[in-house]
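The sequence and the structure are shown first.

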Amino acid sequence: FKNKKNLVSNYKINYIALCDSFTEAMGVSTDNTWTNKISEKSSIKVYNAGIQGYSASQMKGAYLYLINKIPHKGIIIGALPTIYKREKTFSNMALAVKQMGTGGIRSIAQTTNKYKENSFLVGFIRAIKNIIIDRKRLNINDENGIGVSSVARYQNEIPKSIIDMSSLDVDDDWNAYTQNLKELSSIALKNNKEVILIQFPHRHEIYFSASDQGLKNIFETQYYHELNLLRKELPEEVIVLDMYPFLKSHWDKNKQPIYFSIDGHMNELGNELIADFLLIYLKT
């Protein structure tokens with residue numbers, strides 16, 4: 001797992017964080033993960049057990065592996081809109097192998113497979129060429145490679161339709177997802193552990209307004225449809241925190257990118273903001 005060496009042996013662990021690449025913090029160094037930032041900014045120590053592409057069933061498996069290995073006070077479950085669809089993949093190992101997993105690890109595997117016959121030099125030149133073309137097209141000049149006035153390149157990430165709560169209610173993958181989250185939460189609660197759930201918004205949900213996304217208000221986003229259902233379906237003891245307003249406010253005010261310019265994962269600033277948000281709650 002993505003943690004500093006000797007974290008467990010040197011410190012008392014307060015929380016184990018479980019999720020996919022957004023908890024693992026794909027793309028940033030171990031120092032810059034949100035779990036490590038919490039540990040740096042406070043006396044609270046968080047063990048990062050996030051793995052790229054994980055489904056809720058795998059989060060549960062990771063916790064069962066760690067529960068008796070690492071003494072802890074509670075767990076922080078990470079959710080992400082639409083990852084409930086991963087349950088179908090991991091209910092069939094043949095399908096999981098064929099699809100090369102899900103999430104960040106799948107994108108890496110597919111890219112590697114696609115270009116496996118190319119030399120490193122060919123791939124390197126292609127990557128440089130694409131970066132130059134993008135920068136010229138978008139007139140990008142800031143160090144984050146996104147530009148404070150141009151997020152047009154991400155418009156294709158806005159979904160054509162939103163899966164509403166009533167549709168999710170009858171979706172087999174959603175029900176498998178929530179059942180695994182319920183079981184994960186119950187395991188922790190029965191062992192007298194605090195359970196916190198956060199949900200990470202997608203890049204387009206932060207960078208674009210509700211009207212830009214074709215919605216009447218922000219509560220029509222996939223983020224809020226899923227978060228509101230999770231509030232209803234998880235055990236009442238689970239503390240569900242909404243960090244969307246915190247992240248959205250920072251973007252609207254500062255226009256500082258909190259996601260990588262090419263990859264949709266959170267950059268160093270995004271990870272730091274997640275840590276800052278959680279510390280508001282964890283310190284109270």
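In this predicted model, five strands form an open sheet with parallel pairing, in the order β2-β1-β3-β4-β5. The edges of the sheet are β2 (46-48) and β5, each of which pairs on one side only. On average, and with direction ignored, neighbouring strands of this sheet are turned by 25° against each other.

**Strand β4 and its partners**

Strand β4 comprises residues 194-199, and five of its six residues are buried, so the strand is largely enclosed by the rest of the structure. Strand β3 (residues 74-79) runs parallel to β4 and is joined to β4 by six bridges. Within this pairing, G78 stands opposite I198 in β4, and A79 stands opposite Q199 in β4. β4 also pairs with strand β5 (residues 239-241), again in the parallel sense, over three bridges. Here L197 stands opposite V240 in β5. In general terms, strands of a sheet pair through backbone hydrogen bonds, in either a parallel or an antiparallel manner.

The packing of α10 with another helix may be described next. Two packed helices are described by the angle between their axes and the distance between the axes. The axes of α10 (residues 172-190) and α12 (residues 222-233) come within 11 Å and cross at roughly 50°. An angle of this size is neither roughly parallel nor roughly perpendicular, and α10 and α12 are therefore oblique to each other. The crossing of α10 past α12 is right-handed. On the side of α10, the contact is made by W174, Y177, T178, L181 and K182, while α12 contributes E226, L229, L230 and E233. Sorted by class, this contact of α10 with α12 has five nonpolar residues, one polar residue and three charged residues.

**Selected buried residues**

The table lists their relative accessible areas; buried here means under 20%.

| Residue | Relative accessible area |
|---|---|
| S261 | 17%, buried |
| L229 | 3%, buried |
| N271 | 0%, buried |

L229 is found in helix α12 and is one of the residues of α12 that make the contact with α10. Leaving aside neighbours within four places in sequence, L229 is in contact with M165, L168, D169 and W174. W174 is itself among the residues of α10 in the helix contact. L229 and D169 are 60 residues apart along the chain, and their C-alpha atoms are separated by 8.5 Å. At 3% relative accessibility, L229 lies under the 20% cut-off and therefore counts as buried.

Where in the chain is S261 found? S261 lies in the loop between α13 (244-254) and α14 (268-282). Its relative accessible area of 17% is under the 20% cut-off, so S261 is buried. The C-alpha atoms of S261 and Y154 are separated by 9.3 Å, although these residues are 107 residues apart along the chain.

N271 has its place in helix α14. With a relative accessible area of 0%, N271 is buried. Which residues are in contact with N271, leaving aside its neighbours within four places in sequence? They are A25, V28, N32, T33, W34 and M266.

Methods
Residues numbered from 1 in each chain as written. Predicted model: local features only at pLDDT ≥ 70, side-chain atom pairs only at ≥ 80, totals over all residues. Heavy atoms only, no water. Helix = DSSP H or I, 4+ residues; strand = E, 2+ residues; numbered from the N terminus. Buried < 20%, exposed > 50% of the residue type's maximum accessible area, 1.4 Å probe, protein only. Pairing = 2+ DSSP bridges. Axes fitted to C-alpha atoms, helices over the stretch in contact; angles between N-to-C directions. Parallel < 35°, antiparallel > 145°, perpendicular 65-115°, else oblique. Left-handed = near helix turned anticlockwise from the far one by under 90°. Contact = heavy atoms within 4.5 Å. Nonpolar A, V, L, I, M, F, W, Y, C, P; charged D, E, K, R; others polar.
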